[in-house]
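Hi,

Here is the structure I promised to send over.

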Amino acid sequence: MVMNIADALAAYRQGSGGMGKAGSVADTGGESFADTLKSFADDALGSIKSGEKAATAAATGKSDLATVVTAINNAELTLQTIVTIRDKVISAYQSIVQTQM
């Protein structure tokens, strides 16, 4: 899983900076934050599937241990990253809800 932070920041700036009168985001022709998030999710899913395939290959004796350990570590790191992002999003949402009261 590879995520370019500069692309994510550019998508965030684009998404937050172009609000029009009706509250819609102006189309500037770049990749949106939603597209960046989808790309990140696709990369994460690919990393997890790669770990599963490596574990299956190791169980059948078709893969060496170093490859399996690397793939599983990448999948575990990806899962931890996803959980951390989810926790941050929930925390931000709860903060916004409390602020509006």
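In the protein chain, where is confidence lowest, and where is it highest? Keep in mind that this is a predicted model. Helix α1 (residues 5–17) comes out lowest, with a mean pLDDT of 63, while α3 is highest at 89. Where pLDDT is low, the predicted coordinates should not be read in detail. For the protein chain, the mean is 77, with 69% of residues at 70 or more.

Now the salt bridges: I have 2 of them. One links the side chains of K38 and D42, at 3.1 Å from N to O. Both residues sit in helix α2 (residues 33–59), and because they are 4 residues apart there, about one helical turn separates them. K38 is exposed, at 51% relative accessibility, whereas D42 is partly exposed at 43%.

The other pairs R86 with D87, whose closest N and O atoms are 2.8 Å apart. R86 is partly exposed, with 46% relative accessibility, and D87 is partly exposed too, at 38%.

Last, take a look at T78 in helix α3 (residues 65–100).

Cheers

Key:
Residues numbered from 1 in each chain as written. Predicted model: local features only at pLDDT ≥ 70, side-chain atom pairs only at ≥ 80, totals over all residues. Heavy atoms only, no water. Helix = DSSP H or I, 4+ residues; strand = E, 2+ residues; numbered from the N terminus. pLDDT = per-residue confidence, 0-100. Salt bridge = Lys/Arg side-chain N within 4 Å of Asp/Glu carboxyl O. Buried < 20%, exposed > 50% of the residue type's maximum accessible area, 1.4 Å probe, protein only.
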